[in-house]
Amino acid sequence: MLIRVLFFGALKDLAGRPSDSLDLPENSTLADVLEHYEAQLPRLREFAASIAMSVNQQYAGPDARLRSGDEVALLPPVSGGSEPAECPQSHVQIVRERINTEALLAQIKRPEDGAAVVFEGVVRNHTRDKRTLYLDYEAYEEMALKQMKELAAHALRQFPVRDVAIVHRLGRLEIGETSVLIIVASPHRAAAFDACCWLIDTLKRTVPIWKKEHFEDGAVWADGEPFPAEVPRPAGSPAGGRASK
């Protein structure tokens, strides 16, 4: 059976390509896919403790059985199943143009809101004691957008807030530009702050988006945060571990 395999972040650099077609025997599992690429790319074993895998844009464990036509992704730590219909689709976006915070905030706020908490992730001018020139963001876009919608829907259920917006930008970002925007509108400020903190912390650990930092002497993938315990991992992987995202 033939499946499609996607690589992202540092794993894409290691594989030397963004995707591959792999012919496997029937009833193969994700563990078989990982074993195949570890044999082809021995350095992949260095990432084994920290990567996650997905099948058709859903995180999956090593025992997950595959079918012909499946899309499998090998995911380094990110930057970094609920129904999303509760959150307007226009409020959850992946974009490549500048993020207009003021315009989206004006769309979100209502007279009944007592608070509108805004978080902007901004490109700073230094990392690793080096001067940063610019950043490049990439994503497993279909899965990232799905995960962002699920986060927004979850926040609306978990916290007493009225509305949520999440926007993430991809591509080249200059110093001072906004990479991610989160807005939470609520009758009361405490719930808005709590929801906003939960959203950005969870997004940075679970949504498949990675950034590459460009310096005068080269570029590196930024260190990723470990996947949370609920994300399935290859057999034998510890809960922690870090790699490039």
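User: The expected span of a helix is 1.5 Å times one less than its number of residues. How far apart are the end C-alpha atoms of helix 5?

Analyst: This is a predicted model, in which local features need pLDDT of at least 70, side-chain atom pairs count only at pLDDT 80 or more, and totals for chains, interfaces and linings use all residues. Residues are numbered from 1 along each chain as its sequence is written, and side-chain values use heavy atoms, with hydrogens and water left out. Helices (H or I, at least four residues) and strands (E, at least two) are DSSP runs, numbered from the N terminus. The 18 residues of helix 5 (189-206) should span 26 Å at 1.5 Å a residue, so the prediction agrees with the separation of its end C-alpha atoms, 26 Å.

User: Against which elements do the buried residues of helix 5 pack?

Analyst: Buried means under 20% relative accessible area, exposed over 50% and partly exposed in between, with a 1.4 Å probe and protein chains only. The buried residues of helix 5 include Ala 191, Cys 196, Leu 199 and Leu 203. Their packing partners are strand 4, strand 7, helix 4, strand 10 and strand 12.

User: Which residue in strand 5 stands opposite Val 5?

Analyst: Strand 1 (residues 2-7) and strand 5 (residues 71-75) pair in the parallel sense over 4 bridges. In strand 5, the residue opposite Val 5 is Val 72.

User: In strand 12, which residue is the bridge partner of Ile 166?

Analyst: An open sheet of 4 strands runs in the order 6-10-12-7 with mixed pairing. Within it, strand 10 (residues 163-169) and strand 12 (residues 178-186) pair in the antiparallel sense over 6 bridges. The bridge partner of Ile 166 is Ile 182.

User: At about what angle does helix 4 run to strand 6?

Analyst: Axes are lines fitted to C-alpha atoms, for helices over the stretch in contact (heavy atoms within 4.5 Å), and angles run from 0 to 180 degrees between N-to-C directions. Helix 4 (residues 141-158) lies across strand 6 and strand 10, and its angle to strand 6 is about 150°.

User: How many residues does the largest nonpolar core have?

Analyst: A nonpolar core is a set of buried Ala, Val, Leu, Ile, Met, Phe, Trp, Tyr and Cys residues joined through side-chain atoms within 4.5 Å. Among the residues with the most contacts inside the largest core are Ile 3, Val 5, Tyr 37 and Tyr 140. Strand 1, helix 1 (9-15), helix 2 (30-40), strand 3 (52-55), strand 4 and strand 5 each supply at least two residues.

User: What is the angle between the planes of Phe 7 and Tyr 37?

Analyst: Rings of Phe, Tyr and Trp (its six-membered ring) pair if their centres lie within 6.5 Å; planes under 30 degrees apart count as stacked, over 60 as edge-to-face and the rest as tilted. Phe 7 in strand 1 and Tyr 37 in helix 2 are 30 residues apart, and both are buried. Their rings lie 5.2 Å centre to centre in an edge-to-face pair, with the planes at 85°.

User: Which residues do ring pairs link into a cluster?

Analyst: Phe 8 and Tyr 140 form a stacked pair, 5.0 Å centre to centre with 25° between the planes. Both of these residues, Phe 8 and Tyr 140, are buried. The cluster comprises Phe 8, Tyr 140 and Trp 210.

Definitions and conventions: Pairing = 2+ DSSP bridges.
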